[in-house]
Amino acid sequence: MFNTNIINRFKSLETPFYYYDLGLLRQTLDACRNASAQYGFHVHYALKANFNPKILDTIQSYGFGADCVSGNEVNAAIEHGFEKSKVVFAGVGKSDKEINQALDADIFCFNVESVQELIIINDLAEAKNKKANVAIRINPNVDARTHHFITTGLEENKFGINSWQLNDVTETLRKCANLQFLGIHFHIGSQITDLEVYKSLCIRINEMQDWFEDHGFPVKVLNTGGGLGVDYHHPDTNNIADFEGYFKVFKDFLNVKPGQEVHFELGRALVAQCSALVSRVLYVKNGLKKHFLVLDAGMTELIRPMLYQAYQKIENLSQKSEVRSRKSEDSDNDLGLKTQDLRLKYDVVGPICESTDCFQKDVELPESFRGDLFAIRTAGAYGEVMASGYNLRDRVQSVYSE
Ligand code: LLP
């Protein structure tokens, strides 16, 4: 992602900023589109992962649909050219205002998370003399084997409708003249790297679609949700998610009936690797037992490491480019590292007045200095969009590869 030219370009820029490699984004989108198209699968991009305008424009140009979780995301998707007929509105707490907005926009479908929500959407649609397409989000009770903060498919989770409540759902659907039942929706969690988990999901989806059909509700759409994970440890050598393997699981294990559509809602896998948060070292503090690098970015720009104890690779770009340029002159070994290059363990922290404002503890890095440029990798998903204004910080900027 970074070469000497890019790092030199960064030298004159104010930090912190999100750097977006649009070439890598396009390669990722190509890989996803090719892998899904061979089975006729439909991909909706989960805007929540990143709604940066340039990212939305690029993803939209590939013909993907949009998975939105607020009225504003619905509006943003439509403003950026996503077809209304490919916009889905999900979320456990849609407000009346947001439902009305989505009804006015004539979106494709609401993913509904409770019986009460079905009744409200029906009432609001009736007031507008419209019929709303709905898919029922079912809680499949499948363990995503990911971080417990981002697991969503277990029973007694706030998301989705549990299987023992489905009779209530079909009774309600029969009474609601302004709802059109379209299909069933699932989402078991995020950053899933064990594809076996999706086999278990397929088995549950097959059971659930049979249940609906047995109760007189033909299922037109099977929406499997998102969650495909990326490699946070090797952002250079493994920078495109395993779309082939992922879609193949569904091809092999999902019982797709004639005329049915299979939908996916991918966020992270499409955008995570194409961005890094670039920051400068403000201060180097040497304690008794520890060294600290205080960056000019913190939890206000990227909160994932603090909120989920998420690992994101940290690199010193300045030392990397220096080592590279020295390599051509005189290097002691194949890597271009001179034996006297000193590596130290640092706690890499932000400037925010909270002790949790730490990106990573005990990171081994080349000796680092005030002014060095740092990159925190794999920051394209749930990075810029989760930035906050805490401490009245400046809004983080974006820089693009082109
Ligand atoms: N569909 C639904 C219903 C979702 O709740 C989510 C993510 C997605 C699709 C997209 O999932 P993805 O493909 O991106 O894994 N902020 C956390 C992740 C939260 C995920 C929320 N839901 C993080 O930074 O790890």
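A polar contact is a pair of N or O atoms within 3.5 Å; within protein, one must be able to donate a hydrogen and the other to accept it, and residues adjacent in sequence count only if both atoms are side-chain atoms. The model is predicted, with local features needing pLDDT of at least 70 and side-chain atom pairs counting only at pLDDT 80 or more, while totals for chains, interfaces and linings use all residues. Residues are numbered from 1 along each chain as its sequence is written, and side-chain values use heavy atoms, with hydrogens and water left out.

**Ligand**

Select the ligand, then His187: an N or O atom in the His187 side chain is 3.5 Å from a nitrogen atom of the ligand. Continue to Glu265, where a polar side-chain atom lies 2.7 Å from a ligand nitrogen atom. At Gly227, a polar backbone atom is 2.9 Å from an oxygen atom of the ligand. The protein covers 91% of the 590 Å² of accessible area that the ligand has on its own (Shrake-Rupley method, 1.4 Å probe).

Next, display the 17 residues around the ligand, of which Ser190, Glu265, Arg304, Tyr308 and Tyr382 come nearest (a residue is near if one of its heavy atoms lies within 4 Å). By class, this shell has six nonpolar, five polar and six charged residues; Ala, Val, Leu, Ile, Met, Phe, Trp, Tyr, Cys and Pro count as nonpolar, Asp, Glu, Lys and Arg as charged, and the others, Gly among them, as polar. Both β9 (261–266) and α11 (304–308) supply at least two shell residues; helices (H or I, at least four residues) and strands (E, at least two) are DSSP runs, numbered from the N terminus.

Colour domain 1 (23–272) and domain 2 (273–400): both give residues to the shell, so the ligand lies between them. The domain bounds come from an automatic or database domain assignment.

**Backbone**

Move to Thr15 and Pro16, which are joined by a cis peptide bond with omega of about 0 degrees. Pro16 lies in the loop between α1 (4–11) and β1 (17–20). Asn129 belongs to the loop between α6 (115–127) and β6 (132–137). Most residues other than glycine have a negative phi, and most peptide bonds are trans.
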